[in-house]
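These are comments for a colleague who is opening this model for the first time. Please read them with the structure on screen.

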Amino acid sequence: MNTQPTLFGHHLPLLLAGAAAVTCIAASPAAASGVRAGTVIRNVATATFDDGGGTRTVNSNSVDLTVEEVLDVTVASRDSGYASVSPGGTGQIRSFTLTNAGNGQEAFSLAGVGAVSGNDFGPAVTSIAIDTNGNGIYDAGVDQVIAAGATSPLLDPDAAITVFVLSTIPAGAGDGKHGQVRLTATAATGTGAPGTVFTGQGTGGGDAIVGATHAQANATGGFVVQAATLALVKTATVADPYGGTRAVPGALITYRLVATVGGSGSLAGVHLKDAIPDGSMYQLGSLTLDGAALTDAPDADAGVAANATGIDVTLGTQAAGANHAVTFIVKIN
């Protein structure tokens, strides 16, 4: 007994002598990938006629064809544009949709690489993971991490999964530079030119035939480096007790620190610090940030100053383009 799924196709006309009528039954609809592999298309024609003794019916023999598996796959990036990253950044994620575009159950081997033509730098692929809980977001410790070249679960025709590629950005990647990773999916049954046949390896026991995608597909996802730099310039202005600019005992020195953030990213935890030079004494209440006075004691404002410890002004996170000036005054002993 044949237990495979069956579709009834259009019945073929059977021309018989006498007044004969032929009936047809429409085929069942197919999925986007076509009729499922292993399905038996069974075709039996019927004819009716009147031989003078009443209407009679005769059936043709049954013609059965088993649909063979076509191996096809698509891979598409789920991300728009380039993700902003920092040099040396780890666990950087690009996500992809893998779809079984064939008509049979198939698993696909997965491989990720950072050597992509046109890259300014090559991200180092560290792992590949499958979206186990189906939320479209990489969840460490939840989503299944697989070894490079390992296969996905068996996918039904037209079924899709999300695949994550995790990478490390080279420490030397420069600001504004681009790098891509490529995810490649290859049918576990095999690949080759369209029409290549894998005898007896299709779903349902038939053959598997390579489809238009060569049973292999890939897509890329990219990163752009946003790296910030900090330039610090220090100047000194001297005012002596005699109305001049000589560094003599009793002269006041105004130090000015200017911090400028360059590049295209941001910097966290920025502090401007300076020691009080030997042979001089910090002048209480002289600390400023961008022209605004700061208190010397630790409190709610950004500054701290003391003769023994020097000055410390907290700027926190600063984005590219930021520019800040700190001033303070010391007196030469």
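1. Thr317 touches Ser266, Leu267, Ala268 and Gly269, once its neighbours within four places in sequence are left aside; contact here means heavy atoms within 4.5 Å. Thr317 belongs to strand β26, residues 310-319. Strands (E, at least two residues) and helices (H or I, at least four) are DSSP runs, numbered from the N terminus. With a relative accessible area of 57%, Thr317 is exposed. The scale is as follows: buried is under 20% relative accessible area, exposed is over 50%, and partly exposed is in between, with a 1.4 Å probe and protein chains only. From C-alpha to C-alpha, Thr317 and Phe223 are 22 Å apart in space, and they are 94 residues apart in sequence.

2. A caution on the source: this is a predicted model, in which local features need pLDDT of at least 70 and side-chain atom pairs count only at pLDDT 80 or more, while totals for chains, interfaces and linings use all residues. Residues are numbered from 1 along each chain as its sequence is written, and side-chain values use heavy atoms, with hydrogens and water left out.

3. On the overall form, the protein has 27 strands and zero helices. Its radius of gyration is 37 Å, whereas a compact globule of 333 residues would have one near 20 Å; the radius is taken over C-alpha atoms, and the globule rule is 2.2 Å times the number of residues to the power 0.38. Along the principal axes, the C-alpha atoms fill a box of roughly 140 × 35 × 30 Å. Buried residues make up 36% of the 333. Among contacts with a separation of 6 or more, 72% are between residues 24 or more positions apart.

4. Strands pair if DSSP finds at least two bridges between them. β11 and β15 (residues 178-187) run antiparallel and are joined by six bridges. Leu110 stands opposite Ala185 of β15.

5. Which residues touch the most other members of the largest nonpolar core? They are Val75, Leu98, Leu110 and Leu183, in a core of 32 residues. Such a core is a set of buried Ala, Val, Leu, Ile, Met, Phe, Trp, Tyr and Cys residues joined through side-chain atoms within 4.5 Å. Not counting residues up to four places away in sequence, Val75 touches Phe96, Thr97, Leu98, Leu183, Ala185, Ala217, Asn218 and Ala219. Another core, of 21 residues, lies apart from this one and includes Leu257, Ala259, Tyr282 and Leu294. In soluble globular proteins, nonpolar side chains tend to be buried together.

6. Asn103 deserves a look. Its place is the loop between β10 (92-100) and β11. Asn103 counts as buried, because its relative accessibility is 4%. A polar atom of the Asn103 side chain lies 2.9 Å from the backbone oxygen of Val35, and the backbone oxygen of Glu68 is 3.1 Å from a polar atom of that side chain. Beyond its neighbours within four places in sequence, Asn103 has contacts that include Ser33, Gly34, Arg36, Val67, Val70 and Pro157.

7. A second open sheet has three strands, ordered β7-β17-β16, with mixed pairing. Its edge strands, β7 (69-71) and β16 (197-198), each pair on one side only. β16 and β17 (residues 208-210) run antiparallel and are joined by two bridges. Val197 has Ile209 in β17 as its bridge partner.

8. The loop between β17 and β18 (216-225) holds His214, and Ala215 lies in that loop too. Is each of them buried or exposed? His214 is partly exposed, at 39% relative accessibility, whereas Ala215 is buried, at 0%. Phi is near 65 degrees in His214, a positive value in a residue other than glycine. For Ala215, phi is likewise near 65 degrees. Most residues other than glycine have a negative phi.

Methods
A polar contact is a pair of N or O atoms within 3.5 Å; within protein, one must be able to donate a hydrogen and the other to accept it, and residues adjacent in sequence count only if both atoms are side-chain atoms.
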